[in-house]
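Let's take a walk through a protein and look at where its charged side chains end up. Have the model open as you read.

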Amino acid sequence: MRTPRAAADAAAQLDAFLHAYEEVYEEPPYREGPSDVAEFIEHYQVQARRPGMRLVLAREGEEVVGFTYGYYLAPDTRWWKNLQDVTLPDNFTREDGRRTFVIIELAVRKPWRRRGIATELHTRLLQGLHAERVTLTMRPEPEAAPAQSAYAAWGYRKVGVCHPWDEAPLYDCMVRELD
């Protein structure tokens with residue numbers, strides 16, 4: 001497991017973990033295909049330039065077995081505006097570019113699950129962050145139960161249901177306060 005990579009290095013690492021992404025996200029509940037992967041690549045290239053971007057890769061030898069990345073929410077973020085079932089107060093949704101770190105992806109390939117790799121990836125991603133809280137979204141389907149359990153064990157709580165883009169399914173929006 002490597003320490004978090006900064007934005008400049010993270011952009012160059014896409015090829016290192018793209019196969020792991022494709023493998024994980026072709027499984028239910030995601031069932032992503034080639035067009036979804038192309039969209040992911042496009043989004044990642046933009047996300048890799050965001051302030052505070054961090055990427056952590058878990059490897060066995062040279063093979064990437066898991067990955068996670070995220071960045072700080074910008075003051076003009078639309079993150080909280082995607083919530084469908086709740087209106088949060090302004091003092092909760094206010095962002096200053098350092099208040100909230102968002103985890104965009106956290107995934108471990110199937111043969112390496114249940115070994116504590118996701119926990120270690122999560123720990124390393126958040127290590128040394130200067131933020132008040134962390135947010136992420138997760139799928140509510142039963143196939144995502146292991147992820148749901150992990151996030152609950154790590155102290156995340158649901159603040160609403162979000163619909164991040166027109167064709168997207170619904171996600172649970174989670175928040176965890178940092179010490």
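Which side chain meets Glu-132 in a salt bridge? That would be Arg-99, with 3.2 Å from N to O. A salt bridge here is a side-chain nitrogen of Lys or Arg within 4 Å of a carboxyl oxygen of Asp or Glu.

Before going on, keep in mind that this is a predicted model, where local features need pLDDT of at least 70, side-chain atom pairs count only at pLDDT 80 or more, and totals for chains, interfaces and linings use all residues. Residues are numbered from 1 along each chain as its sequence is written, and side-chain values use heavy atoms, leaving out hydrogens and water.

Back to our pair: Arg-99 is buried, at 9% relative accessible area, while Glu-132 is partly exposed at 40%. (Buried means under 20% relative accessible area, exposed over 50%, and partly exposed in between, using a 1.4 Å probe and protein chains only.)

Now look at helix α5, where Glu-120 and Arg-124 sit four residues apart, so about one helical turn separates them. (Helices are DSSP runs of H or I with at least four residues, strands are E runs of at least two, and both are numbered from the N terminus.) Their side chains also meet in a salt bridge, at 2.7 Å from N to O. Glu-120 is partly exposed, with 29%, and Arg-124 is partly exposed too, with 23%.

In total, the structure holds 10 salt bridges.
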